[in-house]
Amino acid sequence: MLENYSALYVEDEEEVRTPTSRYLRRRLKELYEAENGEIGLKIIEEKNPDIVITDIEMPVMNGLKMIDQIREHYGNTKPI
């Protein structure tokens, strides 16, 4: 069902990110990874993923602030 979609997975804890990314990578067309919201925003600009999955508590920029900035810049949905 997800094999036609790309996703961005944002998680600061490598021991959580690595196995989850492995799982997601088998189910998605493409998976991008970031360790904080700031890097996540850069990937969104460059790669235009269909789905964003994010942790909330992270250093540099947390997930809620990243989502606020996505909404501020793109509205509730990012045009493809």
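L2 counts as partly exposed because its relative accessibility is 34%, a class that lies between buried (under 20% relative accessible area) and exposed (over 50%), with a 1.4 Å probe and protein chains only. This is a predicted model, in which local features need pLDDT of at least 70 and side-chain atom pairs count only at pLDDT 80 or more, while totals for chains, interfaces and linings use all residues. Residues are numbered from 1 along each chain as its sequence is written, and side-chain values use heavy atoms, with hydrogens and water left out. L2 lies in the segment before strand 1 (6-10); helices (H or I, at least four residues) and strands (E, at least two) are DSSP runs numbered from the N terminus.

Turning to helix 3, G63, M66, I70 and Y74 are buried there. Seen down the helix axis, these buried residues fall within an arc of 60 degrees, taken from the directions from the axis to the C-beta atoms, so they line one face of helix 3. On the other side of this helix, L64 and E72 are exposed.

The structure also holds two salt bridges, each defined as a side-chain nitrogen of Lys or Arg within 4 Å of a carboxyl oxygen of Asp or Glu. In one of them the side chains of R17 and E33 meet at 3.4 Å, N to O, and this pair links distant parts of the chain, since R17 belongs to helix 1 (residues 14-25) and E33 to strand 2 (residues 30-34), 16 residues apart.
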